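This report goes through one structure, beginning with a single residue and then moving to wider features. Please look at the sequence and the structure before reading on.

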Amino acid sequence: MALLDDIEALNKAFSGFGVDETSILSILGNSNLEHKKSLRQGWSKFFSEDEYGFERFDPSHVKSLKLEFKRFRDAVMLSVLHPWERDARLIEKAIKKGPKHYNIIVEIACSRSSEELLGARKAYHSLFDQSMEEDIAAHVKGSERKLLVALVSAYRYEGPKVHDHVAKCEAEILATAVKNGDRKKPIEEEEVIMILATRSKPHLQEIYQHYHKICAKSITEDLEGHGILKDTVECLCTPETYFTRVLDLGLSVDADEESKKAVTRVIVTRKGALVKDVQNKIEGCLKGFYKDFMLGLIARGEK
Amino acid sequence: MAIVKGSWVAIGWGTNEDLIIQILAHRNAEQRKLIRQTYAEAYGEDLLKALDKELSNDFERLILLWTLEPAERDAFLANEATKKWTSSNQVLMEIACTRSANQLLHARQAYHARFKKSLEEDVAHHTTGDFRKLLLPLVSSYRYEGDEVNLTLAKSEAKILHEKISGKAYNDEDLIRILATRSKAQINATLNHYKNEYGNDINKDLKADPKDEFLALLRATVKCLVRPEKYFEKALRLAINKRGTDEGALTRVVATRAEIDLKIIAEEYQKRSSVPLDRAIGKDTHGDYEKMLLALLGHEA
């Protein structure tokens with residue numbers, strides 16, 4: 001029956017990541033009062049009989065639908081901004097939203113080049129009338145503060161020159177800090193912060209290799225469960241691993257809203273640097289204009 | 001650039017210091033850069049290398065520092081400071097706090113280019129303890145430069161400073177965070193409030209132990225952030241009054257401030273010592289070194 005088909009189509013259009021604007025338009029766009037009434041009465045997923053005699057739209061579905069409709073809009077807004085403004089705004093929001101969002105600060109501070117991070121700091125002055133580091137220092141409490149301030153203040157050397165024997169010593173320092181992790185959290189260890197926040201990325205790669213030799217495990221494995229410290233280590237030298245993980249989490253079936261938002265952020269900011277197989281996952285999960293926009297960004301590949 | 005070519009002939013055959021002073025002392029950074037380029041094109045070697053071979057000690061160092069571009073100069077001084085011992089913490093702080101946010105940034109860029117590493121990694125790995133806790137954030141800062149001030153914040157942060165200082169927690173994270181991240185205008189407002197509310201200048205309260213070197217650095221930091229001309233006046237005064245004169249400090253202050261605020265510093269010096277700065281320098285130094293210092297003192301920016 002046409003009505004059941006319509007309801008099934010609408011369910012599909014409204015489920016998942018983004019909404020299928022085209023289907024919605026063709027079904028609801030031509031819907032008269034009678035049709036809409038039949039829809040509400042037959043569409044048990046979204047409507048239920050209210051005791052006052054009307055078919056009421058389920059409030060939790062209203063909320064999640066609004067979020068899905070917003071996805072395309074938010075993606076467009078994010079992608080239109082200059083990268084400096086975009087990164088500055090993302091960081092400012094993350095600071096205000098609290099500890100669960102601090103990984104975004106790490107993500108930006110560690111995966112951008114020195115000039116890109118500097119640009120974001122300049123934009124921050126202009127947009128918010130203060131420096132990025134003072135905002136973080138003033139709002140972040142606890143053990144994460146030192147690391148975050150240090151990471152956003154970095155202006156790393158970008159040349160290939162590496163100091164091998166220094167890298168070895170520093171790998172040992174990190175290994176010791178991790179080993180003593182139950183006595184003192186590595187994130188509170190000043191030496192650890194200094195190494196991660198000041199050394200160049202090629203030098204850090206040397207350190208990671210030495211670490212692996214010393215500990216027979218990679219430093220990211222050993223920092224499992226150490227929150228943003230692990231994110232830091234990953235983003236600095238193997239950002240693809242970090243971003244793939246974030247995308248997988250966001251595209252999974254029971255992803256929460258923040259994880260889903262991360263998908264937009266990662267695709268908009270990384271585009272060309274994404275692993276190709278993500279495309280298949282996106283084809284399967286995303287819908288409508290949001291999907292087309294994301295696929296377009298990936299296909300174009302430039303930053 | 002006939003002047004340039006003519007005088008460099010003089011350099012090759014035994015140096016004519018007077019000519020060097022004449023040529024370099026009264027040029028601004030742009031002109032000095034041009035002179036360096038022209039020399040390099042004409043003689044296939046960097047001017048500073050040539051000067052290095054021909055000159056000696058204090059005079060040479062002053063010429064060297066003066067001829068470098070400001071960003072290069074700061075990078076050079078900062079790098080030197082990370083290799084020396086404790087008195088050099090002062091130089092690092094001085095560069096981090098008296099330069100504008102963009103000047104400090106350019107110094108960091110020049111550091112990458114010249115030393116193939118970042119300033120902050122060198123500072124991190126050559127300073128220790130409380131000094132590192134203070135210096136690392138100072139050299140990494142990129143302060144907001146606007147005049148906007150939040151008076152409520154000034155009040156609350158003055159309170160924090162007072163609490164920490166009263167509790168002798170001089171290396172406290174919040175204390176350092178305020179000095180290392182807030183804009184200079186904001187810090188100024190905070191310190192004004194501190195004085196209004198608690199009666200003393202913050203530096204008076206930071207004098208609890210006159211022998212404590214960290215406290216001395218903290219006081220100097222505060223001064224550099226809000227009253228750099230007073231800081232430099234004192235640095236000059238100490239350099240001149242010191243038995244035998246501290247040429248290193250004298251050279252550094254004159255070379256780095258000649259294009260900025262040396263005239264104001266000289267006025268402060270006269271107010272404080274009742275002796276004009278050029279006369280004090282004339283008494284304490286001699287030869288070409290003295291001549292170059294005096295020439296820079298009269299430098300028209």
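The side chain of B:D174 makes a polar contact with the side chain of B:R177 at 2.9 Å. A polar contact is a pair of N or O atoms within 3.5 Å; within protein, one must be able to donate a hydrogen and the other to accept it, and residues adjacent in sequence count only if both atoms are side-chain atoms. B:D174 belongs to helix 12 of chain B; helices are DSSP runs of H or I with at least four residues, numbered from the N terminus.

Neighbours within four places in sequence aside, B:D174 is in contact (heavy atoms within 4.5 Å) with A:R145, B:I160 and B:K164. B:A258 lies 84 residues from B:D174 in sequence, and their C-alpha atoms are 35 Å apart.

## Basis of the model

The model is predicted: local features need pLDDT of at least 70 and side-chain atom pairs pLDDT 80 or more, while totals for chains, interfaces and linings use all residues. Residues are numbered from 1 along each chain as its sequence is written, chains are lettered from A and ligands numbered from 1 in the order written, and side-chain values use heavy atoms, with hydrogens and water left out.

## Where chain B meets chain A

On chain B, 27 residues are in contact with 30 residues of chain A. About 2,600 Å² is buried between the two chains, 54% of it from carbon and sulfur atoms; buried area is the accessible area (1.4 Å probe) that two parts lose on being put together, summed over both. In chain B, the residues losing the most area to chain A are B:H125, B:Y142 and B:Y144, together 24% of what that side buries.

Between chain B and chain A, 19 residue pairs are in polar contact, both residues at pLDDT 80 or more. The chain B side that touches chain A draws at least two residues from each of helix 8 (101–115), helix 9 (119–126), helix 10 (129–140) and helix 12 (173–181).

## Salt bridges

A salt bridge is a side-chain nitrogen of Lys or Arg within 4 Å of a carboxyl oxygen of Asp or Glu. The structure holds 46 of them over all chains, and 8 are found across the interface of chain B and chain A. B:R132 and A:E190 form a salt bridge at 3.9 Å, N to O.

Within chain A, A:K261 forms a salt bridge with A:E257, their closest N and O atoms being 3.8 Å apart. A:K261 and A:E257 are separated by about one helical turn, because they are 4 residues apart in helix 16 (residues 257–270) of chain A.
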